[in-house]
Amino acid sequence: MSRGGGTSLAGQCTNTAVVIDWSKYCTAVESVDVAARTCVVQPGIVLEALNGELAPTGLRYGPEPATHANCTIGGMIGNNSCGATAQRTGKVVDNIRRLEVLLPNGVRFWCGKTTDERYAEIERHGDLRSAVYRQLRALRDEYADEVRRRYPDIPRRVSGYNLDSLLPEHGFDVAGLLVGSESALVTILRAELELVPVIKERVLVVLGFPSIDKAADAVPAVLPHEPIALEGIDSRLIHDQQLKHINARALHELPEGNAFLMVQFGGDTLAEVEKAAHEMLAGLDESEHGPTVAFLDDPAHEEELWQVREAGLGATAHVPDKPDTFEATYNAEFLSHHYAKRQWRRPRSDLSMGWLPAIAQLVGRLRLGSVVNAVTHAPLLSRAAVALAGVENREIPKFAAEPLHRWFSRRGARGSGSRGTVLLWPDTFTNFLHPHVGQAAIDVLEDAGWR
Ligand SMILES: Cc1cc2nc3c(=O)[nH]c(=O)nc-3n(C[C@H](O)[C@H](O)[C@H](O)COP(=O)(O)OP(=O)(O)OC[C@H]3O[C@@H](n4cnc5c(N)ncnc54)[C@H](O)[C@@H]3O)c2cc1C
């Protein structure tokens, strides 16, 4: 299994496997074509190192996850990463020209967009690569209409394989299909990347709102002004940084509010960039959103505020007085090894939360919800229950009188089904603790014509 920086949020690089760490030796920029705005790199190069090497050319790689100081191009391709700059440059799949890949059976080839002539040429070889191309072509032909009809038109769609890249209108792009396949289909040996010009002038505007939903409401009014980067931060990330005394100066610069949008504008001249920012602010003033504002055109200050966003997720780990807050990625792997064969040493919260689905099933089946609620919320017993579950600073959640699945069996399906049938898969919390959320989802789906 391939590993880059190992910063994936879902532990993609944690497995029982032979792990190939590309970041140690395969870190070279092999060539740069400034006129074509492309470069060929090895998969282990860290994004920040690549952009450092490209600096004299005035070009850089567009997608920029918050982990740019550690993440590698191979890992970014594996995850189809994007980041705040996705506003301007899109995801990795939008910025890849070609990939050199290795299949598990040892077949190795370059792939990318494939014209009909090129496809015919590959076919003529009659080798294992041509068999792969033939199967992909058959897959595309069989499902093309389905993919066109059902793939959601969401700019940051990174779930599922990019079967849409195989469509003729996308040039039967085999490299595009493999982006985001998380080491499950191929090993990437080299990548030819498409580059973008470095933006000369930037201005950062931080907008403050009373809550994260109000910040989200303002996004459609921000987008027409074409920011080059846009990121939302809520009060929890800020609060955890305050508790840990991280970025104190930058936090002081934030405008008033509990949630923030960081909106960056870029261009060739400062005047042009400031104009775009002021036009956005004028537009927001006229709308119902009316945020508080911090306006920054000093690169050092801007960088400090972006640090608030890079430190955000890290700050949610090991928060003082919150024993159940762990680091998002490194620790997932570390803890797995650390507790192997000594599960009893895990924090109680790991066990209580880990076993919650099974406990909830049992409580639901025996119809014991109200009894368990009475015990876990009785004045003295509740403190003992919280301590036992190891979830200090939290309440033990209450079981619903009737789980969602039982409510649905009793009520039956009501939708006309004119648009088709869907499978709603409730998680433990929705099914056993907050079934009203699932009930509302069912109402919406049925009203929209699904069954
Ligand atoms: C605090 C934090 C903030 C983040 N912010 C963002 C963000 O803003 N935007 C975003 O998109 N993501 C974000 N991420 C997720 C992650 O950092 C990125 O997706 C990053 O690009 C992953 O790169 P990596 O080198 O660490 O990949 P890894 O975690 O090492 O690998 C990612 C996947 O790619 C596969 N892979 C690696 N190398 C190869 C190869 N040579 N061939 C085939 N497969 C390979 C791995 O097997 C794995 O499945 C964030 C993560 C954290 C912890």
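Reader: How do the residues of the shell around the ligand divide into nonpolar, polar and charged?
Author: This is a predicted model, where local features need pLDDT of at least 70, side-chain atom pairs count only at pLDDT 80 or more, and totals for chains, interfaces and linings use all residues. Residues are numbered from 1 along each chain as its sequence is written. Sorting the shell by class (nonpolar: Ala, Val, Leu, Ile, Met, Phe, Trp, Tyr, Cys, Pro; charged: Asp, Glu, Lys, Arg; polar: the others, Gly among them) gives 13 nonpolar, 19 polar and two charged.

Reader: Which residues come nearest to the ligand?
Author: There are 34 residues around the ligand (C-beta, placed from the backbone, within 6 Å). Those that come nearest are Gly-4, Gly-5, Gly-74, Gly-75 and Gly-78.

Reader: Which element gives the most to that shell?
Author: Elements are DSSP runs numbered from the N terminus, helices (H or I) of at least four residues and strands (E) of at least two. Strand E1 (2-3), H2, E8 and helix H11 (299-315) each give two or more residues to the shell. The top contributor, with five residues, is H2.

Reader: How are H15 and H16 placed relative to each other?
Author: Helix H15 (residues 369-377) and helix H16 (residues 379-389) pack with axes 5 Å apart, at an angle of about 95°. Axes are lines fitted to C-alpha atoms over the stretch in contact, and angles run from 0 to 180 degrees between N-to-C directions. Since 65 to 115 degrees counts as roughly perpendicular, H15 and H16 are therefore roughly perpendicular.

Reader: Which residues of H16 meet H15?
Author: By class, this contact has three nonpolar, three polar and no charged residues. From H15 come Val-375, Thr-376 and His-377. In H16 they meet (C-beta atoms, placed from the backbone, within 7 Å) Leu-381, Ser-382 and Ala-385.

Note on methods
Parallel < 35°, antiparallel > 145°, perpendicular 65-115°, else oblique. Contact = placed C-beta atoms within 7 Å.
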